[in-house]
Amino acid sequence: MRRILAVSLASALALTLTGCGSDEDTDTPQDNDTTAAETTEVDPVLNIYSSRHYDVDKALYDKFSEETGVEINVVEGKAPELIERLTREKDDPAADLFLTVGAESIWQLNEEGILDSYESETIAGNIPEDYRGDGWMGVSSRARVIAYVKDQVDPTTITSYADLTKDEWKGQVLARPSKSSYNQALLASMVVLHGKADATQWAQGVVDNFGREPTGNDRDQAKAAVAGEGKLAIMNSYYWALMQKSSDPEEQKVAEQIGLIFPEDTHVNLSYAGMIAGAKNPENAVKFMEFLSSDEAQTMIAEENGEFPLNPDTAVPEPQKSWMPFTAQDIDFAELGKYIPDATMIFGEVGWK
């Protein structure tokens, strides 16, 4: 039997259920009183909480169910609310697996005792050690890069994030708000690598060069740059890939006019899967993680969503291949979340709204 069930969290939790392919902060609320825990379970089953909202994820659920016969129940929402629910339910978890974007939440989940260790030779063979740990496994990576308007910027003059603070870019830098987990993780990584003082100086320099008050998502930054509100934007590379092949002609036009700069020590973050302590279906959770680590699934994610595969045996498709090689930050993903409070404080100090 194969059945995919996507359900929303209770409206009182203010969670949102989106159609796959939406941006991180633009989920559309839907009312549905059914939850994974209330769904009639037919073994074998797997209950997933996910803050990933992409078309490719639905395709992965379908393919896994077809190949294994495991029924997948999916509760979708924003990461903070799902983590809050996981915390409340940790004595009797309804979820077996947590899928999310942003490795900064690994530290919090470990602090709360929500993640549980697992053993899998398959995963160990497919995913490099830097991208997995006790209770979690990286699924894919995404780079936070500097986008530029091709006919207005010489990309060879920009080699680092620090270049965004130069006086020549006064009124030309665009970014989404500080509440974005993508920006929080970026600034937290700078605290890790360079300390709070340097991270604060960088954030202040970016704020001083803003072309407008931060608003919207990453796609909006690229659109605003093409519209003349700035020349440089901070965005994730996979958004550019999605815009390039978008069904919206206007998004395609924006992608044509925007180039990407992968600066020195590019900030790379992860989508990851977390094994829930006390999961009722741990074997199926491991099976699904093994499937996500496979060349088949990694290829689907890379080709359909513009992310970078983590399995080194998976061929990197275009346009990602054209962006390589680049140097990535050397950070411990499991410890990144420890510095999110510092990043939040810095954003407030420098006026990054």
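Author: What follows takes strand β6 as its subject and then turns to other parts of the chain.

The model is predicted, and for that reason local features need pLDDT of at least 70 and side-chain atom pairs count only at pLDDT 80 or more, whereas totals for chains, interfaces and linings use all residues. Residues are numbered from 1 along each chain as its sequence is written, and side-chain values use heavy atoms, with hydrogens and water left out.

The chain holds twelve helices and eleven strands; these are DSSP runs numbered from the N terminus, helices being H or I of at least four residues and strands E of at least two. Of its 353 residues, 56% are buried, where buried means under 20% relative accessible area, exposed means over 50%, and partly exposed lies in between, with a 1.4 Å probe and protein chains only. The chain exposes about 14,500 Å², of which carbon and sulfur atoms supply 46%; the areas come from the Shrake-Rupley method with a 1.4 Å probe, and for residues only the protein chains shown count as cover.

With strand β5 (residues 132-133), β6 pairs in the antiparallel sense over two bridges, and Trp 136 in β6 is the bridge partner of Gly 133. These two strands form a hairpin with two residues between them, and in the turn Gly 135 has a positive phi of about 90°.

Strand β10 (residues 267-275) runs antiparallel to β6 and is joined to it by eight bridges, with Val 268 in β10 as the bridge partner of Ala 143. Strand β8 (residues 232-236) is also antiparallel to β6, through five bridges, and here Ile 146 has Ile 234 as its bridge partner. Four bridges pair β6 with strand β9 (residues 258-261), again in the antiparallel sense, and Ala 147 stands opposite Leu 260. Strand β11 (residues 308-309) is joined to β6 by two bridges and runs antiparallel to it, Pro 309 being the bridge partner of Ser 140.

Beyond the strand comes the loop between β6 and β7 (173-174), in which Ser 160 lies. Ser 160 has 16% relative accessibility and therefore counts as buried. Leaving aside residues up to four places away in sequence, Ser 160 touches Ile 146, Pro 263 and Glu 264, a contact being heavy atoms within 4.5 Å. Across the chain, 81% of the contacts between residues at least 6 apart in sequence join residues at least 24 apart.

Among the buried residues of α5 are Tyr 182, Leu 186 and Met 190. From its first C-alpha to its last, α5 reaches 20 Å, close to the 20 Å expected at 1.5 Å a residue, the expected span being 1.5 Å times one less than the number of residues. Ser 180 caps the N-terminal end of α5, with a side-chain oxygen 3.2 Å from the backbone nitrogen of Tyr 182, and the helix is followed by Gly 195, whose phi is positive, near 90°.

Arg 142 is linked with Arg 52, Asp 57 and Glu 307 in a network of salt bridges. Elsewhere, Lys 280 forms a salt bridge with Asp 92, their closest N and O atoms being 2.9 Å apart. Lys 280 lies in the loop between β10 and α10 (282-293) and Asp 92 in the loop between α2 (79-88) and β4 (97-101), so this pair ties together parts that are 188 residues apart in sequence. Lys 280 is partly exposed, with a relative accessible area of 47%, whereas Asp 92, at 55%, is exposed.

How values were computed: Pairing = 2+ DSSP bridges. Polar contact = N/O pair within 3.5 Å; in protein donor to acceptor, adjacent residues only side chain to side chain. Salt bridge = Lys/Arg side-chain N within 4 Å of Asp/Glu carboxyl O.
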